[in-house]
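Reader: I am new to reading protein models, and I would like to go through one slowly with you. Could we take the features in turn, with the general idea before each case?

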Amino acid sequence: MKLNAVVLGASGLVGAELLALLLDHVAFADIYIYVRKKLPISHNKLHQIVTDFKDLNTLTLPQGVNVIFSCLGTTNKNTPDKKQYRYVEYHIPLHFAHIAKQQNVQQFHVVSAMGSNKHSGNFYTKLKGEVEDALESVGISNLNIYRPSLLVGKRNENRPLERWMIAAMKVVNPLLRGPLKKYRSISAKQVALAMLNQAVKQKQGTYIFNSEEIKQLS
């Protein structure tokens, strides 16, 4: 049976890589993406749903969806308001998770972050941990959580500090061995491949993948 998927965050770093893979994969039929502005992509599998995400009650899932991929993310630069930041990274994926449970969608995949912990003193890692905890409580048959380290890939926006960190990690990565290997940077495409490969297995249960495990899946 072919799978029908929803991708949240299809214009982002991981989401864009994942969308390209899904459109090219024989195991997937219809791909639905929720975007603020229509992407310049045309494909017979692709269905674009344009929304500003302001009223979540108006956002439903197409019938027949088997898999949801949440690659949503924002930055302090784009979303300096902490309440709005939380809305993007917590409330939107959780909204779709609840609908998925109601419609018996079997799989939910979410990109989290290394160090995510709901008890963390850091806003970002604490929020990611709260998202993970909330998604687990929904009770979807198969929940997959991916915790990558520093993501490498081509972004549409200018992030000087991140570019510097990525350049530095090229030097540091080979020095990180043993238990420190998990801190090596990882490409967005590797994360996307891991998500796709895990989805086609159609497993049951909850799985959490750290950066090195994501690389093994990809």
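Reader: Leaving out residues up to four places away in sequence, which residues does Gln 198 touch?

Author: Please keep in mind that this is a predicted model. To read contacts, we look for residues whose heavy atoms come within 4.5 Å of each other. In this case Gln 198 touches Gln 107, His 109, Asn 144, Tyr 146, Lys 203, Tyr 207, Phe 209 and Leu 217, once residues up to four places away in sequence are set aside. Gln 198 itself belongs to helix H5.

Reader: Is Gln 198 buried or exposed, and why?

Author: The general idea is that a residue counts as buried under 20% relative accessible area. Gln 198 has a relative accessible area of 2%, and therefore it is buried.

Reader: Which strands pair with S6, and over how many bridges?

Author: We take each partner separately. Strand S5, residues 107-111, pairs with S6 in the parallel sense over five bridges, and within this pair His 109 stands opposite Asn 144 in S6. Between these two strands the chain crosses from S5 through H3 to S6, and this β-α-β crossover is right-handed. Strand S9, residues 205-210, is joined to S6 by six bridges and runs parallel to it, with Asn 142 standing opposite Gly 205 in S9.

Reader: Where is Glu 132, and what is it in contact with?

Author: Glu 132 has its place in helix H3, residues 123-138. Apart from neighbours within four places in sequence, Glu 132 is in contact with Ser 112, Ser 116, Ile 145 and Arg 147. With a relative accessible area of 4%, Glu 132 is buried.

Reader: How do helices H2 and H3 lie relative to each other, and why are they described in that way?

Author: For two packed helices, we read the angle and the distance between their axes. Helix H2, residues 82-102, packs against H3 at an angle of about 15°, with the axes 10 Å apart. Angles under 35 degrees count as roughly parallel, and H2 and H3 are therefore roughly parallel to each other. H2 passes H3 in a right-handed crossing. Among the residues making the contact are Tyr 85, Glu 89 and Leu 94 of H2, and Phe 123, Leu 127 and Val 131 of H3.

Reader: What is the case for H1 and H5?

Author: Helix H1, residues 13-24, and H5 pack at an angle of about 50°, with their axes 8 Å apart, and they are therefore oblique to each other. H1 passes H5 in a right-handed crossing. The contact includes Leu 18 and Leu 22 of H1, and Val 191 and Leu 196 of H5.

Reader: Which phi is found at Asn 104, and where does Asn 104 lie?

Author: Most residues other than glycine have a negative phi. Asn 104, although not a glycine, has a positive phi of about 60°, and its place is in the loop between H2 and S5. At 54% relative accessibility, Asn 104 counts as exposed.

Reader: What about Gln 202?

Author: Gln 202 is not a glycine either, yet it has a positive phi of about 50°. Gln 202 is found in the loop between helix H5 and S9, and at 41% relative accessibility Gln 202 counts as partly exposed.

Conventions: Residues numbered from 1 in each chain as written. Predicted model: local features only at pLDDT ≥ 70, side-chain atom pairs only at ≥ 80, totals over all residues. Heavy atoms only, no water. Helix = DSSP H or I, 4+ residues; strand = E, 2+ residues; numbered from the N terminus. Buried < 20%, exposed > 50% of the residue type's maximum accessible area, 1.4 Å probe, protein only. Pairing = 2+ DSSP bridges. Right-handed = clockwise from strand over helix to strand, strands pointing away. Axes fitted to C-alpha atoms, helices over the stretch in contact; angles between N-to-C directions. Parallel < 35°, antiparallel > 145°, perpendicular 65-115°, else oblique. Left-handed = near helix turned anticlockwise from the far one by under 90°.
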